[in-house]
Amino acid sequence: MDSDTSASIAFAQRSAFHRLPVEILACILNFRFPEAGDIPRYQSDVAEIYRLRMVSKSWKELVEDTPTLWTHISTAYRTVVVQDCLRWSKNHLLRIRVFPAFVASAEALIERLQLLQPHSHRWKTLYYSQAGPDVEIIHIRNFLESPAPMLQSVHVNLGAFPLGVEVNLAGGKAEGLKHLTLQEGLLPWSSNLLHGLETLTISLRGTVPAGEILNIFATNPALRYFELLCEGAEGQDNPTTIATQSLDTVATSLKDVIIHVTHPHIITRILSQVSFPTCNAVEFSADFTTLDGNLHTLDEALVQFMTRIRETLCLGGRTTLLVSSDSEFEWSSPLKYEGFEFSFGFSGTDLGQLIEWIRHLSATLEAPLDLEISLTTPDRYALEDLGEWSEVTKLRIPWMADPDAVDEALSVQDFLGDVVVDPIGGLSWNLPNLRELDVYSAEYNLSSILGMLNKRYLPDAYVKEMEGVGVPIHIPSQIDLRVKGTTEAKDVMIMEALRRHWGVKSVDDGVDGR
């Protein structure tokens, strides 16, 4: 017994806690260690339960006679603990978590799998992670194929099995299975486990059997959540045949669709052949390099969502465009909007093509476009592409990027302070309709922000004088600033100058809430 355990037991024995009525203690234990839910029971939790057994005889009897304290079992536990859990859980359903990486040897892992296997008829949830000591495939296969008719949720990594090897998960007889996550492999498409699901997540590498995936929506009418994650995936279907195919499957219950793949035609194949009339959220991403960055291949996939996207643009307010690099972007609906949500990720294209596509979509829908740009890299070309966007009303810099890590770096202060000269239209500035600037997390130098404001917002007298000689000057609207404030004397002085600047509507420095 270690010193911490001895000390905690001694404290409990000296205190009044060990004289608590067992009925009250039982309530406390059930609250502290809930049986329901997906929260795992860690080794530290089990160690605490064991310590409670040692406080007194009545506590020991209560702990051992409370089956719900022992229904969470992990292969990370010592073998003797696994045995105790199986014994004291009695006939209650079990939540099994297999983490080979937390087991010291292949022999120990095999021993614990063999202890759990005879109780597969009691498995309620199964989480199987692949990484760990080398174990012969036969042991893993025997374990995963154990008949488990009571399973309701399975998360399994099949990466240990060679390509082409089919695994008859749970003996194919988990008729009550509602939640399934498959990593690094698929089940036979004839498996009974692919029927009657409510949530399904598939994560794999290689070829995507798009046709078979489409069948999932037909065989799972109660499916509420679908997620497909495929790295380097290229669908088996010919993308040129997509345009001739129509919606022929209706996913009547689906609320969330998430598709992250390499080839965009997989997205088009699924979203153009399956109707999602009750869908509340669509999220996808793809690499458009093979299509020369042409984003209009998505137009057909989004046809069924157009009305809902229009409602989001009209009612949700400002959408967000995340610019991660010169070829990685994400356009998403407002975070706090309770209506239809979307998140579209793009790589292998450029910002100019994305701007054209978003503008085209907005014009087609006859919907207003109000954008927040979240810029993680001060790339000159990205900023120049954004410069004339009248739809941008907010610019956010989530962190201060290292200029040395960018080929063509350009400070945001210089970008916003630069004059745009039009021989006919006169003088203006980048992002002419910008109303909010948030550089709080990036901790920009306050002096440089003040300098930018002095360049961007010229005094009224000067503007009138220039207009008198025929040079129109288009001063941007006042701006709301969010900057990182400090209590240093020089920063306090500059902060006051920012608040009183004629180009500033309000300042949030995170210090005093003003």
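Buried here means under 20% relative accessible area, with exposed set at over 50% and partly exposed in between, for a 1.4 Å probe and protein chains only. The structure is a predicted model, in which local features need pLDDT of at least 70 and side-chain atom pairs count only at pLDDT 80 or more, while totals for chains, interfaces and linings use all residues. Residues are numbered from 1 along each chain as its sequence is written, and side-chain values use heavy atoms, with hydrogens and water left out. Helices (H or I, at least four residues) and strands (E, at least two) are DSSP runs, numbered from the N terminus.

**Positive phi in loops**
- Most residues other than glycine have a negative phi.
- Ala170, although not a glycine, has a positive phi of about 60 degrees; Ala170 sits in the loop between β4 (153-157) and β5 (179-183) and is buried at 1% relative accessibility.
- Leu431, likewise not a glycine, has a positive phi of about 50 degrees; Leu431 belongs to the loop between β18 (426-429) and β19 (436-438) and is buried, its relative accessible area being 2%.

**Helix α3**
- Within α3 (residues 43-53), the residues Asp45, Val46, Ile49, Tyr50, Leu52 and Arg53 are buried.
- These residues lie on the same side of α3 because they cover an arc of only 160 degrees around the axis, the arc being that of the directions from the helix axis to the C-beta atoms.
- The buried residues of α3 pack against α2 (22-32), α4 (57-64) and α5 (79-88).

**Ser332**
- Ser332, in strand β13 (residues 328-332), is buried with a relative accessible area of 14%.
- When neighbours within four places in sequence are left aside, Ser332 is in contact (heavy atoms within 4.5 Å) with Thr319, Thr320, Phe342 and Ser343.
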